[in-house]
Amino acid sequence: MRQQSLFDNQATGAPLASRMRPRNLDEFVGQEHLLGPGKVLRQIVENDQVSSMIFWGPPGVGKTTLARIIADRTKSVFVDFSAVTSGIKDIKEVMKHAEEGRILGERTIVFVDEIHRFNKAQQDAFLPYVEKGSIVLIGATTENPSFEVNSALLSRCKVFVLQGLSTDDIARLLDRAIHNPRGFGDEDVEIAPDTVRMIASFSNGDARMALNTLEMVVLNADRDGKKIFVGKDIVEQITNKKSLLYDKNGEEHYNLISALHKSMRNSDVQAAVYWLARMLEAGEDPLYVARRVVRFASEDIGLADSRALELSVAAFQACHFIGMPECSVHLAHAVTYMSLAPKSNAVYTAYNEAKRDALEMLAEPVPLVIRNAPTRLMKDLKYGDGYQYAHDTEEKITDMQCLPDSLQGRTYYRPTNQGAEERIAKLMERIAEWRRARAERKKS
């Protein structure tokens, strides 16, 4: 724990990431959903209405920087806590000084990085001071605060979700570092725009990682007098990554995700894992891949193995929690499972056929028998007349009509003989046979 001025890390010789730390909201890059013109967090800061809050987001997106900008903008005393080294005694000491400052009209912002590392007793120590306004607490966490922050403390804090920076965002930061005197602006650095984007892509949305990489490549680049030449080869050496042919917004992006999807569909697990690795090692957002795997679970597997959807969602959550490179194994787990699972597109085709009918027959009325009748007028109009409650029957089904008259007999979902759908097909046939028999009895 230490008290500090806002920019005491800007001294000459400090790491590039520290020297280039944004000093105000105009220099801050990213988080437009919170800090764009008219957005909620910008208004809170500009109107000096700051209250206790928690920043939740991946590493290197500006959580600490934003807290410091807020403290400077609001002219508050800024106290930086480490959840790793600070104990309850440290907390109480700072709270005492903050309370004395409050009496004198001074506001104290206490910033707790990695607040999820504080235990319950440590978090509880903040609570009374947050409640009476002795401090404004700003916590930063890479973990879901719903699970990691005490509910009493969480209820007194506004949670702002910060997103990983885009490649364009990070490229802007790198370009600024190259030309700004706080960075390498006083040196003659020659680096091609596609090499800058290469570093940005490798950073996976982490500005700190990108700036650290830039610093390393500039310090180790070829020199000719005062001129510094930064080529792709030195970037590959420093990052230990090859520059793969990949553009997240270009054709190769779609080629590779198509290759992954079709390899899984074809149950070619070796190819699927390869294409996954190609995407991740080229800097693809793991959450993008995870979302496509979730889609695949229902589009190409469906009820043949409903566990596929559960596992794909779990993989997405794992990617969200821990990010790259650790989450690569979770995606490999999911992709392997999807590749080897029984395949069926019956759910996918069922929806598309139903969608077509829904769009072409928008005015089809809901059968009266399955309409709700909350008012007397509706009851008089026969809403819900003849409704049969399936749970009251021995078979737990009825012969009640649920499709509009014009769509009676329409079949959308046609299970295959793959995996669990074979059992589902037999169940559907038994239900259909029961309804046919019931209809015959009514005729006789």
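K396 is partly exposed, with 47% relative accessible area. In this predicted model, K396 sits in the loop between α19 (376–380) and α20 (421–443). Its backbone deserves a moment's attention: K396 is not a glycine, and yet its phi is positive, at about 65 degrees. E114 belongs to the loop between β4 (108–113) and α6 (120–131), and E114 counts as partly exposed because its relative accessibility is 29%.

In contrast to the partly exposed K396, L407 is buried, its relative accessible area being 8%. Beyond its neighbours within four places in sequence, L407 is in contact with D357, M361 and Y412. The pair L407 and D357 brings together positions 50 residues apart in sequence, with a C-alpha to C-alpha distance of 8.7 Å.

Attention now turns to a buried charge. K343 lies in the loop between α17 (328–340) and α18 (346–360). Which side chain of opposite charge is nearest to K343? That side chain is D300, 8.1 Å away. A salt bridge requires a side-chain nitrogen of Lys or Arg within 4 Å of a carboxyl oxygen of Asp or Glu, and K343, although buried, has none. What the side chain of K343 does reach is backbone oxygen: that of A341 at 2.7 Å and that of M264 at 3.5 Å. Leaving out residues up to four places away in sequence, the residues touched by K343 include M264, R265 and S267, along with F296, D300, I301 and A304. M338, T416 and Q418 are also among the residues that K343 touches.

How many disulfides does a search of the whole structure find? The search returns zero. C319 is accordingly in no disulfide, and the nearest cysteine sulfur, belonging to C327, is 3.6 Å away. For a disulfide, the two sulfur atoms would have to be within 2.5 Å. C319 is buried, with a relative accessible area of 3%. C157 is buried as well, at 10% relative accessible area.

Six of its six residues are buried, so β5 is largely enclosed by the rest of the structure. In a regular strand, side chains alternate between the two faces of the sheet. In β5, V136, I138 and A140 point one way, while L137, G139 and T141 point the other way, and all are buried. Strand β2 (residues 53–56) runs parallel to β5 and is joined to it by four bridges; within this pairing, M53 has I138 as its bridge partner. Strand β4 likewise runs parallel to β5, the two being joined by five bridges. There, D113 has A140 of β5 as its bridge partner. The bridge partners I138 and A140 both belong to the set that points one way from β5.

Key:
Residues are numbered from 1 along each chain as its sequence is written. This is a predicted model: local features need pLDDT of at least 70, side-chain atom pairs count only at pLDDT 80 or more; totals for chains, interfaces and linings use all residues. Side-chain values use heavy atoms; hydrogens and water are left out. Buried means under 20% relative accessible area, exposed over 50%, partly exposed in between (1.4 Å probe, protein chains only). Lys and Arg count as positive and Asp and Glu as negative; His and the chain ends are not counted. A polar contact is a pair of N or O atoms within 3.5 Å; within protein, one must be able to donate a hydrogen and the other to accept it, and residues adjacent in sequence count only if both atoms are side-chain atoms. Contact means heavy atoms within 4.5 Å. Two strands pair if DSSP finds at least two bridges between them.
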